[in-house]
Amino acid sequence: MSVVEQILKGDVRATARLLRDIDDQMPNTHEILRELYPHTGKAHVIGFTGSPGVGKSSLVDQLAICCRKDDLTVGILAVDPTSPFTGGAILGDRIRMQRHFLDGGVFIRSLATRGHFGGLTRSTNDMINVLDAMGKDVILVETVGVGQDEVEVANSAHTTVLITIPGMGDDVQAIKAGIMEIGCIFVVNKADREGSRKTVRELMNLVELGLRRRDSDGWEPLIIETEAIKGRGIDELYQAIQKHREYLAANDRGQMDDVLHKRARSQLIEVLKDEALRTLLRRLESRGISLESLIEQIKSREKDPYTLVQDVLANELRDFTC
Amino acid sequence: MSQDRKLRILVAKPGLDGHDRGARVIARAFRDAGFEVVYTGCHQTPEQIVSTAIQEDVDLIGLSILSGAHTYSFPRIMELLKEHRAQDIQVIGGGIFPLEDIPKLKSVGIKEIFEPGAKLQDIVDWIRSNITPRTGMAA
Amino acid sequence: MGQKMLSESAVERIEKENSEWLAEYQKALQKVPERLERFSTVSDMEIKPLYTPADIKDKDYHEDIGLPGFYPFTRGVQSTMYRARLWTMRMFAGLGSADDTNKRFHYLIEHGETGLSTAFDFPTLMGYDTDSPLARGECGKCGVAIDTMDDMQRLFANINLEQVTTSMTINPPASIIWAMYIANAENEGYQRKKLGGTIQNDCLKEFIAQKTLMLPPDPSLRLVVDTIEFGTREVPRWNTVSISGYHIREAGATAVQELAFTIYDGIAYVEESMKRGLDVDDFAGRLSFFWNSHIDFFEEIAKMRASRRIWARLMKDRFKAKNPRSMLLRFHTQTAGCSLTAQEPYNNVIRTTTEALAAILGGTQSLHTNSLDEVYMIPSEEAVLIALRTQQVLAEETGVCNVIDPLAGSYFVEALTDRMEEEALEYIRKLDELGGMVAAIERDYPQMEIADAAYHYQQQIEKGDKVIIGVNKYPSERPELEFILKIDEETERRQIERISDYKAKRDKVAFQKAMDELRRRCEGPPSWENNVMPALIDAVRAGATEQECCDLYREVFGTYTDPGTF
């Protein structure tokens, strides 16, 4: 059986190995991804974002229980930050999902952000596609919640859940514009803490502002209070996600089309950037032009970045064969 | 554009022993050495450990134990890896072991045992010299 | 404010002489420099070469140092201390089956130990019976396997429970094990009002350090308060909590962190008990503590003295205790397991000796000394005897017990005691800001502090900044020790058979009735009517096993797993 066949059958080891190869940007992954792509598009992808410590992993753990009760299989991607100094990482989100370790219907993969070396971003989209092709009905993607990752995940997901906790004060404001607009569901976790009602009210205000600003696409973001560790509010959150899924499926205003468009766009741009850059650099290398040498030119101000890139592209695109 | 593959290591404590000072210190040391560490902490059964190791496609499992229960859990983990055809995942142990148990553990496939007093740097160096990240898949 | 011990002019003169001495010192260093770049305690607290009266010039003898048996108890909890009665020599013991441990108990008593201390195996600590699949390979290896009342009876066979006090190191299942102990004692004809001992029962430090985890924080606290309340009314000689710093230290904390976090756990228990409506003077006198005695001699003595003073002041000022007995910080000590080495294990005898001496000079009420082979395994008889003799030699031959708190007035020790108090109070302020210990634990605050300290220390060892003989200085291989204890692998099988027989013989109707009552109480709001202890005593009498009671707890209260943050 080929790797593709194994993955389509839900083989855990083959899936795990492919995900790793994608993580490490090994050659051959594109061939496999190519063959898997037609088999994607079935899973409902839900992104979870929020500052460290708000309880994303605990919520994901609890939602996985709900999914399993409905006999849905679950894929989980849990992201933790890579140390900028050493390049290593401790991936500890899995601990909060222990109850699922022996459930064949749940596949959990821990990822490190790995930073953005050489301008190449690691592809969460590809990993989502693999879990999709593997047959997972629901894919939960949990991010570190700072910077680029939030937007990336929101673009890759059907439903985006933004999580905060009471008493973060200014951090509700830190749920910045742009993020507000992609949030479908807002969760105030650790709702037993002081200040929970206040946080909910602040979110309601922001939601209202957001609704007035954008063309209402008919979805009014829901705000749910939860206590993930105690399991409170989880059913409400699950139902909210169902609601959003049904809303998308209805597609009476093209909302599903919009989401699919957004996802496809995100995926395409990502692969395009990736491949184009990779190919370009490879070509330059084969001609004996190293990235380092280009960097030196900019550093010494021999050339400015804009002219340099124009020249490179002009040269390369002239006889650009893939 | 191949980078050196990052080593992925699972650090876990099998059995009921909750003394995790060593496991936490070693996890940090591994991170500081540039490895990616999946840390599942204490109270893991052999089944949970192997399931995690396979899903996370780790190169190495580091087991920390001080309770004497290694006589059951270590061979059981090796057995499960075999059952799942994942013997390419290497296993090392750290903690407290009676001297006569060490050759027994190695004979079931534990690659190395690190005892109290082992230096973090020595463990990291050993891993760098003895554990290679898995090769990529063929299509 | 009382009067200072030295006059202004005396201080001036001393400080002047000190500067002259310092100049001499610096001069001498030109010829022969200091041995180390930095002199610090094992907790990395920097220490000066010399301490003089100037270092305690702001001290008030009456308010800060005082007299033994008098507030703030810096010099000791009793006026007589070891002149009247030595500390209890209480060796932590537990291995294999109840019969094996009973044998060890008798061995220790015969050789002069004066109190019992029980070590349980991991399944027992975690609330599982030996026949649980999770208990595979763990039976009897780190302590005794106790699953039923039958085991409890065999554990204490032929021991007079009204004459001997028993300490039991058990946490989430403490209420159950205590119920078994009480029920068994009564079966043997002893009265519960005369039973003396301790259950560790300190759930908060489990979340921080020891990690025998079972239930979430709130229900864990509920059970602790139930035991405190029950003890106050029914078993008045019993210490229902041993608020522990030992494990916090073993997890890598500094001495100050051990001091602060432990005392703060104590504050949490007092607060919780008072919330339940208990009067502080009714229960505080039966709260006890448990310190580590680590390798840095003076740091430990200072820590212990500071602990008494901090607690006394807290009880009086923060909790308005009236009875001086409520203000006493009475403690058991264990010498530091984490200071022992596998290399050249006989060196451990020396380490344990100085650590024990520190505990004695620190005024401990009870002491366990580690055995030289305890780093490998449960102690062998040969090794545990040396450990016990260590206490006896120190007690009876060295003369250190002739005088109470002999180090009081030492400029160094008093200055260090003050410093430990100051830094601990800093932490206590911080924990108050975070909203209490449970809130702090949820934010991983103490756990992170400890993890950082542990990592820092390990790096110091690896760099050679902190020396461990046989490990990073004069390094040596681990030897074969002839007498290392082995646990019979058959113990597990036999224990499983015993449980099966036991369950078959019990009255199923009485058992179910008792469990239903226990459940009813657990599900109800905390109150004396819903106190779990009476129901537990009935349940274990009706044949409930430890796991059956724990499973009920887990069902009703939920379970807790370590979040494992870094």
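Mentor: What follows is a set of questions and answers on a predicted model.

Trainee: How many residues does α2(A) give to the side of chain A that touches chain B?

Mentor: The contact takes 41 residues from chain A and 40 residues from chain B, and about 3,600 Å² is buried between the two chains, 50% of it on carbon and sulfur atoms. On the side of chain A, the elements that give two or more residues are α2 (12–23), α3 (29–36), β3 (89–91), β4 (106–112) and α11 (255–286) of chain A. Of these, the element that gives the most is α2(A), and its count is nine residues.

Trainee: Which residue of chain A forms a salt bridge with B:D88?

Mentor: Across the interface of chain A and chain B there are nine salt bridges, and the residue pairs in polar contact there number 27. In chain A, the residues that lose the most area to chain B are A:R13, A:R20 and A:I90, which together account for 20% of what that side buries. One of the nine salt bridges has its closest N and O atoms 3.1 Å apart, and the partner of B:D88 in it is A:R13.

Trainee: Which residue stands opposite B:G94 in β5(B)?

Mentor: Strand β3 (residues 60–65) of chain B and strand β4 (residues 90–95) of chain B run parallel and are joined by six bridges, and in this pairing B:S64 has B:G94 as its bridge partner. The path from β3(B) to β4(B) goes through helix α3 (residues 70–83) of chain B in a right-handed β-α-β crossover. β4(B) also pairs in the parallel sense, over three bridges, with strand β5 (residues 112–114) of chain B, and a right-handed β-α-β unit is made by β4(B), helix α4 (residues 101–107) of chain B and β5(B). In β5(B), the residue opposite B:G94 is B:F114.

Trainee: Why does the pair of C:E299 and C:R249 tie together separate parts of the sequence?

Mentor: C:E299 and C:R249 form a salt bridge, with 3.6 Å between the closest N and O atoms. Because C:E299 lies in helix α12 of chain C and C:R249 in helix α9 (residues 246–250) of chain C, the pair ties together parts that are 50 residues apart in sequence. As for accessibility, C:E299 and C:R249 are both buried.

Trainee: Is C:R309 buried or exposed?

Mentor: C:R309 is found in helix α12 (residues 297–318) of chain C. Leaving aside residues up to four places away in sequence, C:R309 touches C:K59, C:D64, C:P72, C:T74, C:T417, C:D418 and C:E421. Because its relative accessible area is 0%, below the 20% cut-off, C:R309 is buried.

Conventions
Residues are numbered from 1 along each chain as its sequence is written. Chains are lettered from A and ligands numbered from 1 in the order in which they are written. This is a predicted model: local features need pLDDT of at least 70, side-chain atom pairs count only at pLDDT 80 or more; totals for chains, interfaces and linings use all residues. Side-chain values use heavy atoms; hydrogens and water are left out. Helices (H or I, at least four residues) and strands (E, at least two) are DSSP runs, numbered from the N terminus. Buried means under 20% relative accessible area, exposed over 50%, partly exposed in between (1.4 Å probe, protein chains only). Contact means heavy atoms within 4.5 Å. Two strands pair if DSSP finds at least two bridges between them. A crossover is right-handed if, with the strands pointing away from the viewer, the path from the first strand over the helix to the second runs clockwise. Buried area is the accessible area (1.4 Å probe) that two parts lose on being put together, summed over both. A salt bridge is a side-chain nitrogen of Lys or Arg within 4 Å of a carboxyl oxygen of Asp or Glu. A polar contact is a pair of N or O atoms within 3.5 Å; within protein, one must be able to donate a hydrogen and the other to accept it, and residues adjacent in sequence count only if both atoms are side-chain atoms.
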